[in-house]
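Please read them alongside the coordinates.

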Number of protein chains: 2
Amino acid sequence: MVSRQCGVRYLSRVALTPISWTAAGDVRLLDQRRLPSEEVYLEVGTAEGLAEAIRRMQVRGAPLIGIAAAMGLVAGLRERRGAGRDAFLAHLREGVTLLGATRPTAVNLQWALGRMTRAAAAVPDDGTAGALWDRLHAEATAIWEEDRAMCRRIGEYGLPLVPDGAKVLTHCNAGALATGGIGTALAPIYLAHEQGRQVHVYVDETRPVLQGARLTAWELQHAGVPCTLIADAAAGALMRQAKVDVVLVGADRICANGDFANKIGTYGLAVLARHHGVPFYCAAPWTTVDPTLADGDLIPIEQRPAEEVTAIAGRPVAPAGAAVLNPAFDVTPARYVTGYLTDRGLVQPPFGADPV
Amino acid sequence: MVSRQCGVRYLSRVALTPISWTAAGDVRLLDQRRLPSEEVYLEVGTAEGLAEAIRRMQVRGAPLIGIAAAMGLVAGLRERRGAGRDAFLAHLREGVTLLGATRPTAVNLQWALGRMTRAAAAVPDDGTAGALWDRLHAEATAIWEEDRAMCRRIGEYGLPLVPDGAKVLTHCNAGALATGGIGTALAPIYLAHEQGRQVHVYVDETRPVLQGARLTAWELQHAGVPCTLIADAAAGALMRQAKVDVVLVGADRICANGDFANKIGTYGLAVLARHHGVPFYCAAPWTTVDPTLADGDLIPIEQRPAEEVTAIAGRPVAPAGAAVLNPAFDVTPARYVTGYLTDRGLVQPPFGADPV
């Protein structure tokens with residue numbers, strides 16, 4: 001199946017990989033808005049198309065957004081390889097600005113774009129547009145491959161948190177669909193499952209966009225990991241009944257003091273976990289740390305459209321004209337966090353610019 | 001518009017009243033599953049039809065279920081007025097058993113059915129089926145009218161909790177749509193609004209059945225009370241930002257020690273309120289107290305179908321075959337409750353069989 005969205009081609013029924021290059025050099029993205037009903041891929045060939053896919057949350061997950069933006073830049077610059085160096089760099093800057101403005105909270109996006117900009121700057125002044133493009137292509141691919149390796153390391157460092165018989169609660173999607181690899185919060189779960197440990201995952205459905213129901217339950221089922229879906233509001237009762245051994249969540253930005261932003265509802269879970277004596281871990285690649293922000297009050301929180309709350313699948317579930325507050329994220333202060341599970345190990349704040 | 005459901009007639013676009021008698025003696029119910037998209041009324045003439053409407057949550061809200069069951073019994077016994085006394089009483093018992101089995105958690109249903117049974121028993125032994133029916137009709141009408149008066153008193157006792165400028169958070173629907181009157185948790189809000197106080201209500205959407213989005217936001221909007229809809233998981237961030245002065249919720253059953261059952265998510269809100277120093281009140285008519293249960297561990301918790309979580313408006317939002325845990329209610333221990341707002345005042349446990 002092929003459909004169109006501002007220069008984007010849709011293809012359905014390709015084996016599951018949330019991101020990849022096509023033979024032609026487009027970015028192939030699994031359209032995450034259409035899961036779990038349809039496994040449809042879109043192919044994006046421009047920075048504009050990629051920015052639109054990010055805004056629509058067809059591609060989401062802090063690490064994956066960074067990877068996708070880098071790859072989208074490269075795809076969009078293919079046609080500029082024959083241009084002059086200055087024109088090429090001007091187009092690069094335009095793409096960086098456009099992509100950087102799509103979502104404000106996750107820092108991985110800014111990190112990836114900054115890395116692409118620095119990669120271009122590192123090419124000698126006599127380098128052609130073609131040489132610049134080759135360097136950017138290599139950089140984007142490296143960002144993707146490094147993310148895959150970081151996921152694996154997060155999983156390995158996190159294995160002790162998921163012993164045999166563990167009952168884990170997670171929120172939103174911090175899995176394979178959010179990264180270039182096996183995920184962040186879900187990485188230790190996948191490795192524990194691979195090793196034959198019995199693990200059970202309670203999945204918050206994660207309103208309003210339902211990333212837990214649509215994505216996390218789907219990818220865990222895909223991998224054969226036993227899981228149970230719950231309404232977000234059921235997490236408290238579950239903890240009171242001692243059905244949760246550990247909470248594992250992802251992060252969109254981690255400040256120097258350890259305060260972190262993640263999907264709306266994470267903070268409430270952290271309070272509940274603390275209240276019930278349940279360990280609460282934040283799992284993220286080191287690229288999620290923003291040492292320039294002292295604390296969580298400084299993190300910009302994206303407000304999403306009211307329609308995410310007032311309508312589901314196009315059908316109204318609230319009265320017309322209802323006022324809505326729809327922050328995409330909340331901030332969890334560091335004092336609620338048992339530990340930060342990163343590719344550099346299970347660590348504690350403060351987090352400096354070059355902490356390890 | 002008229003449609004059919006096991007002997008039930010549908011009529012659309014009648015002025016808002018969640019329950020009433022029709023001229024023919026049927027029970028007219030606002031179909032709460034179809035709000036806010038459609039304001040459709042159904043007319044039920046049998047205990048079976050009423051039981052089905054309760055199971056489908058076309059009528060819901062602990063006090064309203066009790067009223068509806070009593071009225072449904074009466075409607076279903078109309079045709080038995082010419083029968084013998086024993087046959088009439090046998091039909092009454094059948095109806096009581098059928099209606100009593102529809103939903104296990106709310107105690108008002110059992111209370112109303114018990115009251116109907118006792119009313120019949122109080123009719124002298126030489127009373128005809130017609131005399132029995134007249135007595136039951138009067139009793140059901142009294143249950144309804146008394147509930148309306150109880151709501152008003154709850155509102156009056158609760159007025160000091162909602163001063164000018166108050167920002168209230170509520171969960172599920174404990175309003176006019178859940179009762180025969182102006183609601184329980186919403187009653188003080190309506191009275192404060194009537195008196196010209198500025199009140200703002202944050203409404204949890206209340207997944208999975210969305211009573212907050214579909215019903216509470218709708219009835220508050222209807223009444224002109226300013227309100228803002230939020231995803232359930234946003235309540236924690238709201239409290240952390242000091243945007244909530246007080247939490248007001250309803251109850252489906254209150255135990256002797258003050259533990260109470262209410263819509264899933266209530267317990268989590270109570271923990272968050274305690275953590276943030278926000279007062280947390282449970283509002284209910286005295287008929288919600290079950291002095292026979294010592295504590296909340298004894299309350300039967302209804303498990304609802306998985307489809308409430310896995311599909312919305314008939315469209316799947318989770319992968320096929322996903323395991324789901326869908327308790328309709330949770331239990332909040334008394335120690336989290338600032339006070340119990342009832343028609344007998346703002347009270348504290350323990351609650352005996354005849355406490356006032």
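1. A charge is taken to sit over a ring if NZ of Lys or CZ of Arg is within 6 Å of the ring centre and within 35 degrees of the ring normal. Lys263(A) meets this for Phe329(A), lying over the face at 4.5 Å from the ring centre. The charged end of Arg240(A) sits over the ring of Tyr267(B), 5.6 Å from its centre.

2. On conventions: this is a predicted model, in which local features need pLDDT of at least 70 and side-chain atom pairs count only at pLDDT 80 or more, while totals for chains, interfaces and linings use all residues. Residues are numbered from 1 along each chain as its sequence is written, chains are lettered from A and ligands numbered from 1 in the order in which they are written, and side-chain values use heavy atoms, with hydrogens and water left out.

3. In chain A, four strands make an open sheet with mixed pairing, in the order β13-β10-β11-β17. β13 (289–290) and β17 (329–332) of chain A are the edge strands, each with a single partner, so one side of each has no neighbour in the sheet. Strands here are DSSP E runs of at least two residues, helices are H or I runs of at least four, and both are numbered from the N terminus; two strands pair if DSSP finds at least two bridges between them.

4. Strands β10 (residues 253–255) and β11 (residues 260–263) of chain A run antiparallel and are joined by two bridges. Ile254(A) stands opposite Phe260(A) in β11(A). Helix α9 (residues 266–276) of chain A packs on the sheet and touches β11 and β17 of chain A; its direction makes about 35 degrees with that of β17(A). Contact means heavy atoms within 4.5 Å; axes are lines fitted to C-alpha atoms, for helices over the stretch in contact, with angles from 0 to 180 degrees between N-to-C directions.

5. Over all chains there are eight aromatic pairs (ring centres of Phe, Tyr and Trp, its six-membered ring, within 6.5 Å; planes under 30 degrees apart are stacked, over 60 edge-to-face, the rest tilted). The rings of Tyr267(A) and Tyr336(A) have centres 5.6 Å apart and planes at 90 degrees, so this pair is edge-to-face. Tyr267(A) is in helix α9 of chain A and Tyr336(A) in the loop between β17 and β18 (339–342) of chain A, 69 residues apart. Both Tyr267(A) and Tyr336(A) are buried (under 20% relative accessible area; exposed is over 50%, partly exposed in between; 1.4 Å probe, protein chains only).

6. Ring pairs also link Trp286(A), Tyr340(A) and Phe351(A) into a cluster.
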